[in-house]
Amino acid sequence: MCKVGVIALGLGNIASVIRMLYWLEIPCAVVESPENISNFSHLLLPGVGHFTDGTSRLTDSWRSKIYRCVHTGTPLLGICLGMQLLCTSSEEGAGEGLNYFSISFQRIPKHPNLRVPHMGWNEIMSSPDSLLLQGIDSPRFYFVHSYYASGNDSACTGIANYGVSIAAVLERDNICGVQFHPEKSHRFGMQLLRNFVTQYNP
Amino acid sequence: MTLPRVIPCLLLRGEGLYKSRNFKDWKYVGDPRNAIRIFNQKEVDELILLDVEASRQDKPIQWKLIEECAGECFMPLAYGGAVDSPETARRLVSLGIEKIVLNSTALKRPELIKEISEQIGTCSTAVCIDVKRNWLGKAYVYNHRSRRQLSLNPLEWASKAVELGAGEIIIQSVDRDGCFNGYDLDTLEKITSSVSVPVTILGGGASLNHCTDAWQRGASGVAAGSWFVFQQPHRAVLITYPEYKKIRFAFEQTQCQ
């Protein structure tokens, strides 16, 4: 039975994610402490804010419980800062992420016509292997971020261009992440979340 | 290609949506929840909701109404109006508000920008600057709460706001508000040349040509009120928004020039 656990580390607004899941009639619940992380078919890790705040809120208890779920095959999707926390490190701040992807984040370089933060809608070039982007025609999503991972990484299945090639979607085994905000990307975000629960099976 | 965001800006007075001309001459538009629901169906890029009475009349923030509005849309919704503390900002974000817009509360106490951006992030903290021109045509910051033109230069204030942690600057022209005569491109260009964060322009926008003109001067967001809620010439209420492919076409054409 499908039930999505939305991990609440206190990193920004999760109301919009919950609202979109309700709209999609996908059963979900907020997971406020690591003890309550079991019994979900899928896990979501949303997050907005500073990398250091993220790594410090991922206590040893959270880390071990998340590792356990992931290693038993529970699919995990990180959103925005949540995706960055699935990785190794970021120039933005201190601490280590969950290290599922050996990727580090760097600041989006300055460019005369492109402002930082990268704020707004951008189109994604998707890999035919992507499960999250499957069936989404001309995908575009809402981005808000100042740090990025390179689109050249082998786990990258969706790329956005903003002066540099940005890893918009990372996917490997049962772990995936999106740099953009599906919960703010209306029908595109809805299709992506639907894909997460239907294409990724525990 | 990254297009600028085309953003309907909705003004709340009490529980109703209203629209102004030069910050006066208010006309009732409708229920904010319905309007947002319609904009959501039209898949707009982003929305701004400003409670224009909250600061001016010291009214409390309309929490329930804001929560209902946030529940009606699946795109970013920014809120402004009497946000005077990091706790207020945090509470708004927890309701689903993507961005907080600071205006008179930041003029009163600029440190507020730093406090709020440290709490909710610079990407979620926008500062709105109302600009009015004096009889010589020189642009000054206007304080809508005291209804006074300040001897403060918009450029200085924008730079200071960014230094304090604003992740976006919104420039609103009082003189062009509700006039359908295009954006204040001169002020826009001065500001985009000196700050590196996204800048959104508001006031006078009424066509995709106005939007592309603003984009060429560095705007990453083009916002409008009257254009999306009124049908000219008599300001009859009609909620509209251009189709994505028309917006895209207009900007692509501009890029080719």
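Modeller: Buried means under 20% relative accessible area, exposed over 50%, and partly exposed in between (1.4 Å probe, protein chains only). Tyr241(B) is buried by that rule, at a relative accessible area of 11%. Phe228(B) is buried too, at 1%.

This is a predicted model: local features need pLDDT of at least 70, side-chain atom pairs count only at pLDDT 80 or more, and totals for chains, interfaces and linings use all residues. Residues are numbered from 1 along each chain as its sequence is written, chains are lettered from A and ligands numbered from 1 in the order in which they are written, and side-chain values use heavy atoms, without hydrogens and water.

Now the rings. Over all chains, the structure holds 12 aromatic pairs (Phe, Tyr or the six-membered ring of Trp, centres within 6.5 Å; stacked under 30 degrees between planes, edge-to-face over 60, tilted for the rest). One of them joins Phe196(A) and Tyr200(A). This pair is tilted, with 5.8 Å centre to centre and 50° between the planes. Phe196(A) and Tyr200(A) are both buried. Phe228(B) and Tyr241(B) form another tilted pair, at 5.3 Å centre to centre and 40° between the planes. Phe228(B) sits in helix H10 (226–229) of chain B, and Tyr241(B) in the loop between strand E14 (236–237) and helix H11 (244–256) of chain B, so the pair ties together parts 13 residues apart in sequence. Helices (H or I, at least four residues) and strands (E, at least two) are DSSP runs, numbered from the N terminus.

Chain A also has a ring cluster. Ring pairs link Phe141(A), Phe143(A), Phe180(A) and Phe188(A).

Charges meet rings as well. A charge sits over a ring if NZ of Lys or CZ of Arg is within 6 Å of the ring centre and within 35 degrees of the ring normal. The charged end of Arg140(A) sits over the ring of Tyr244(B), 3.4 Å from its centre. Arg91(B) lies over the face of Trp63(B), at 3.8 Å from the ring centre.

Last, the sheets of chain A. Strands pair if DSSP finds at least two bridges between them. An open sheet of 3 strands runs E5-E6-E10 in chain A, with mixed pairing. Its edge strands, E5 (89–90) and E10 (147–148), each pair on one side only. Strand E6 (104–107) of chain A pairs with E10(A) in the antiparallel sense over 2 bridges. Tyr147(A) in E10(A) is the bridge partner of Arg107(A).
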